[in-house]
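Work through these exercises with the structure open beside you. Try each task before reading its solution.

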Number of protein chains: 2
Amino acid sequence: VSDGFGPANLPFGVVRPRDGGAPRGAVRLGDRALDLAAAQGDGLLAVDGLPDGAFAAPDLNAFLACPRPVWEAVRARVRELLEAGDGTLLELAACEALLPMRVGDYVDFYSSIEHATNLGRLFRPGAEPLLPNWRHLPVGYHGRSSTVVVSGTPIARPHGQRPPAEDGGPPTFGPSERLDIELELGFVTGGPPNPLGTPIGIGDVRDHVFGIVLVNDWSARDLQRWEYQPLGPFLGKSFATSVSPWIVPLAALEPHRVAGPAQDPEPLPYLRRTEDWNLDIALEVELAGTVVSRTNARGLYWDLAQQLAHATVNGTSIRPGDLYASGTISGAEPGTEGSLIELTRAGRQPVELRDGETRTFLRDGDEAVLRGIAGSGEDAVSLGEVRGTVVAQPPA
Amino acid sequence: VSDGFGPANLPFGVVRPRDGGAPRGAVRLGDRALDLAAAQGDGLLAVDGLPDGAFAAPDLNAFLACPRPVWEAVRARVRELLEAGDGTLLELAACEALLPMRVGDYVDFYSSIEHATNLGRLFRPGAEPLLPNWRHLPVGYHGRSSTVVVSGTPIARPHGQRPPAEDGGPPTFGPSERLDIELELGFVTGGPPNPLGTPIGIGDVRDHVFGIVLVNDWSARDLQRWEYQPLGPFLGKSFATSVSPWIVPLAALEPHRVAGPAQDPEPLPYLRRTEDWNLDIALEVELAGTVVSRTNARGLYWDLAQQLAHATVNGTSIRPGDLYASGTISGAEPGTEGSLIELTRAGRQPVELRDGETRTFLRDGDEAVLRGIAGSGEDAVSLGEVRGTVVAQPPA
């Protein structure tokens, strides 16, 4: 069994056999995955409330739309099948892992105080790095759902407007020269949508969050810097967001919940923690073969329950398959930053790779790999990895 | 024939008969609509490339996904059927008009120089109202697609964090006290999606834009003001966006294309106009029974072809059914502003309604109606209207 994909984990995904056959839902165990479409078709997955053919689909949305007791019953039944050796196991080496959900809305938060402080210093030098709202609410914005892609999808370097060389001058146009990664976790929503106008309370997170993925929120810093005032990031982010293919159920991460950092000032009542929802997940960033950052998600200032409560406090409805990313996860120490702009101090201090190479921002051909794992040994729960290689935009 | 819904228009929508029956695609003529699902089922709509059952669906996405020649052939055939009196006409009074498309991504631009200048003065008093990027690119951001709703949907007043009474103080929490409308046009995309990494050229707009709707981008100014730095609007906008139910094909608006305003500085090559894509559409805002603003879309600084070219220059893929709104459309004269924050000078000068009432921002029970029409007389092309009534958020 691969590290972190034992019976404690059992993440859900969608795979397509490379030798043909339709995409189908699957649960990973080690280097193999239980074919859920076959199991349901063969009558091995009779769970009240699970729609017929829920897993004979190119995404998990029909399953994600079920209420939580259905998720729990399916997970329990899958464990029974695996223990009994029933059902069809697919070799992952013979399958392509697809994007596991059809994303309705993609929201990106900004929940690491270390990252927000680092970025504030770089984007607004000389000013207070944290804006007045930051400690009162989990700042977030909507990203683009059409360009959420699965691990392994090549990332075309975006072209666009880059900042003027001097204040008041014209922008230049061309490929981004400051292409970056962002190390994030994201939660995938499920359950029946909340009615429009009805917020989700902070205590109801388990009914609305199915699980967690790794997210690489690729960022073109030059495009972003020029465009982002006053309405926020747009083309600097919208060209691609990569996610890991296996959604780790929140249920599998229960043993890895930890208390978050103290919050001062105390948040408003709708944001007050009722349980610990920080996750003790070790994370790393590998760039062109060298691990350049190691950090942990446990220190995030705003946790996922706070993010969900905030996103819906205005009555917004969430749908199954939505993606809510944490924002870049950075620690306080050098070497724990989750983006190159932080690791290199905006390009002034290159990071060293093996073989004596250095990088400030990404070059064409560079592969970035993000990994995450909770715990260790037999009970470890891995998020797997999210990979992407930068390629030049195809000629017009 | 109702004004503006004659044979020159023929907009597409989705209706559901109130006495039962499934939602189906339809083309409006006056106060009736041709049942496209029935027409296709009866063999009256045999068009190469149109998928079977394209209109027997709760949205037009399967039709929107067809290439432009299919749109044109269906439009031509519908005109023939209506002229010949063939096919089933539904009485609109006996139908509910549904949201016509399943929105993948919703983008909102900021393309009126008058609106951007007005808002800049109100949100950043004392500073240059237009930021340095504004004349170089159509500023935009991603909005929320799950809360795009059809005309007539009640709008629950959002709750959330409102700005501190004094700098450095804590925010307050409660229902928005500055709920506003925004008068906008939006284009709905269609055609096969562009591959990830491949921009859409400014000359290819007809292959990717199916048609136009009216948009009311409801805005909670207090929530927006507190949250929007540095990542842009989020909860101040995400609670609801209303659209008109009939998508007016771009083809119907060809006679109403006009030259846009001169642009200085000249835009970068990918944004240079190759054709006139400003639209001469008269617009009005009615609030609680009184028309409070009259304006026209023809003066927008950035046109829809520029918006589409910009949104995809980084290689973003668009999907059929995406919605791209113009941003608030305001003119230069008093009484031509497209939002209450502008009409009332941020609440300092109430607008007068009939019966001696006044308004600064929206009260519970207020209905807002936006209307749009191009041309006049028999050849007029109406966008119809988008209505919404404000209600209190249901108790928790």
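**Exercise 1. Hairpins in chain B**

How many residues lie between strand 2 of chain B and strand 3 of chain B in their hairpin, and which residue in the turn has a positive phi?

Solution. Two residues lie between the strands, and B:Gly30 in the turn has a positive phi of about 60 degrees. Before going on, note that this is a predicted model, in which local features need pLDDT of at least 70, side-chain atom pairs count only at pLDDT 80 or more, and totals for chains, interfaces and linings use all residues. Residues are numbered from 1 along each chain as its sequence is written, chains are lettered from A and ligands numbered from 1 in the order in which they are written, and side-chain values use heavy atoms, leaving out hydrogens and water.

Next, find the pairing. Strand 2 and strand 3 (residues 32–35) of chain B are antiparallel, with four bridges. Strands pair if DSSP finds at least two bridges between them. Helices (H or I, at least four residues) and strands (E, at least two) are DSSP runs, numbered from the N terminus. B:Arg28 stands opposite B:Ala33.

Now step back to strand 1 (residues 12–17) of chain B. Four bridges pair it with strand 2 of chain B, again in the antiparallel sense. B:Val14 has B:Gly25 as its bridge partner. This hairpin has six residues between its strands, and B:Gly20 in the turn has a positive phi of about 110 degrees.

Last, check burial (under 20% relative accessible area is buried, over 50% exposed, partly exposed in between; 1.4 Å probe, protein chains only). Five of the six residues of strand 2 (residues 24–29) of chain B are buried, so this strand is largely enclosed by the rest of the structure.

**Exercise 2. A sheet in chain A**

Give the strand order of the open five-stranded sheet in chain A, and find its edges.

Solution. The order is 4-3-2-1-5, with antiparallel pairing. Strand 4 (89–91) and strand 5 (95–98) are the edges; each has a single partner strand, so one side of each has no neighbour in the sheet. From one strand to the next, the twist averages 50 degrees.

**Exercise 3. Helix 4 of chain A**

State how far helix 4 of chain A is buried, and name what it packs against.

Solution. Eight of the eleven residues of helix 4 (residues 113–123) of chain A are buried, so the helix is largely enclosed by the rest of the structure. Among them are A:Ile113, A:Leu119 and A:Phe123. The buried residues pack against helix 6 (221–227) and helix 8 (340–343) of chain A.

**Exercise 4. A buried lysine**

Locate A:Lys237 and list its contacts.

Solution. A:Lys237 sits in the loop between helix 6 and strand 16 (241–243) of chain A. A:Lys237 is buried, at 8% relative accessible area. Contact means heavy atoms within 4.5 Å. Beyond neighbours within four places in sequence, A:Lys237 is in contact with A:Tyr141, A:Glu182, A:Asp217, A:Trp218, A:Ser219, A:Arg221 and A:Gln224. The side chain of A:Glu182 makes a polar contact with that of A:Lys237 (2.8 Å). A polar contact is a pair of N or O atoms within 3.5 Å; within protein, one must be able to donate a hydrogen and the other to accept it, and residues adjacent in sequence count only if both atoms are side-chain atoms.

Terms used:
Axes are lines fitted to C-alpha atoms, for helices over the stretch in contact, and angles run from 0 to 180 degrees between N-to-C directions.
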